[in-house]
Amino acid sequence: MSMTDKLWEAFSTVIKMNDKVIAQATAMAAQQAKIEDLTARVIRLETALEIALATGGAGGSKRLPRHG
(Lines give C-alpha, C1' and ligand atoms only; values in the text may rest on other atoms or scores of the structure.)
Protein backbone atom coordinates (compact mmCIF):
# COMPACT_ATOMS: atom_id res chain seq x y z
CA MET A 1 0.00 0.00 0.00
CA SER A 2 1.42 3.37 -0.94
CA MET A 3 1.55 6.35 1.35
CA THR A 4 -1.28 8.02 -0.57
CA ASP A 5 -3.54 4.99 -0.09
CA LYS A 6 -2.80 4.93 3.64
CA LEU A 7 -3.49 8.64 3.93
CA TRP A 8 -6.74 8.31 1.96
CA GLU A 9 -7.88 5.42 4.18
CA ALA A 10 -7.07 7.41 7.31
CA PHE A 11 -9.08 10.38 6.06
CA SER A 12 -12.04 8.19 5.13
CA THR A 13 -11.93 6.53 8.57
CA VAL A 14 -12.00 9.93 10.27
CA ILE A 15 -14.94 11.03 8.12
CA LYS A 16 -16.85 7.84 8.97
CA MET A 17 -16.14 8.37 12.66
CA ASN A 18 -17.32 11.96 12.41
CA ASP A 19 -20.64 10.78 10.97
CA LYS A 20 -21.04 8.34 13.86
CA VAL A 21 -20.21 11.03 16.42
CA ILE A 22 -22.79 13.37 14.89
CA ALA A 23 -25.42 10.60 14.96
CA GLN A 24 -24.61 9.85 18.61
CA ALA A 25 -24.81 13.54 19.53
CA THR A 26 -28.24 13.78 17.89
CA ALA A 27 -29.46 10.68 19.75
CA MET A 28 -28.08 12.01 23.03
CA ALA A 29 -29.82 15.35 22.56
CA ALA A 30 -33.13 13.55 21.94
CA GLN A 31 -32.64 11.41 25.07
CA GLN A 32 -31.81 14.50 27.12
CA ALA A 33 -35.03 16.17 25.96
CA LYS A 34 -37.00 13.06 26.99
CA ILE A 35 -35.30 13.01 30.40
CA GLU A 36 -36.07 16.69 30.97
CA ASP A 37 -39.72 16.11 30.00
CA LEU A 38 -39.99 13.18 32.41
CA THR A 39 -38.35 15.22 35.16
CA ALA A 40 -40.91 17.99 34.69
CA ARG A 41 -43.75 15.44 34.80
CA VAL A 42 -42.42 13.91 38.04
CA ILE A 43 -42.16 17.37 39.60
CA ARG A 44 -45.80 18.06 38.69
CA LEU A 45 -46.86 14.71 40.15
CA GLU A 46 -44.93 15.39 43.37
CA THR A 47 -46.56 18.80 43.66
CA ALA A 48 -50.03 17.35 43.13
CA LEU A 49 -49.34 14.66 45.74
CA GLU A 50 -48.05 17.18 48.27
CA ILE A 51 -51.10 19.40 47.74
CA ALA A 52 -53.45 16.41 48.07
CA LEU A 53 -51.75 15.28 51.26
CA ALA A 54 -51.70 18.79 52.73
CA THR A 55 -55.41 19.40 52.08
CA GLY A 56 -56.48 15.98 53.24
CA GLY A 57 -56.93 14.62 49.73
CA ALA A 58 -60.15 13.10 48.53
CA GLY A 59 -61.96 11.65 51.49
CA GLY A 60 -59.75 13.00 54.24
CA SER A 61 -56.71 11.58 55.90
CA LYS A 62 -56.76 7.81 56.02
CA ARG A 63 -54.13 6.03 58.04
CA LEU A 64 -53.52 2.47 58.89
CA PRO A 65 -54.16 1.60 62.55
CA ARG A 66 -51.13 1.07 64.71
CA HIS A 67 -50.61 -2.30 66.23
CA GLY A 68 -48.55 -2.06 69.27
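Thr 55 lies in the segment after α1, in a model that is predicted, with local features requiring pLDDT of at least 70, side-chain atom pairs counting only at pLDDT 80 or more, and totals for chains, interfaces and linings using all residues. Residues are numbered from 1 along each chain as its sequence is written, and side-chain values use heavy atoms, with hydrogens and water left out.

The secondary structure of the chain amounts to one helix and zero strands (DSSP runs of H or I with at least four residues for helices, of E with at least two for strands, numbered from the N terminus). Helix α1 takes in residues 3–54, 52 residues in total, and reaches 75 Å from its first C-alpha to its last. That span is close to the 76 Å expected, taken as 1.5 Å times one less than the number of residues.

The side chain of Thr 55 reaches back to the backbone oxygen of Ala 52 at 3.4 Å. Gly 56, which also follows α1, has a positive phi near 95°. Across the 68 residues of the chain, buried residues make up 0%.

Notes:
Buried < 20%, exposed > 50% of the residue type's maximum accessible area, 1.4 Å probe, protein only. Polar contact = N/O pair within 3.5 Å; in protein donor to acceptor, adjacent residues only side chain to side chain.
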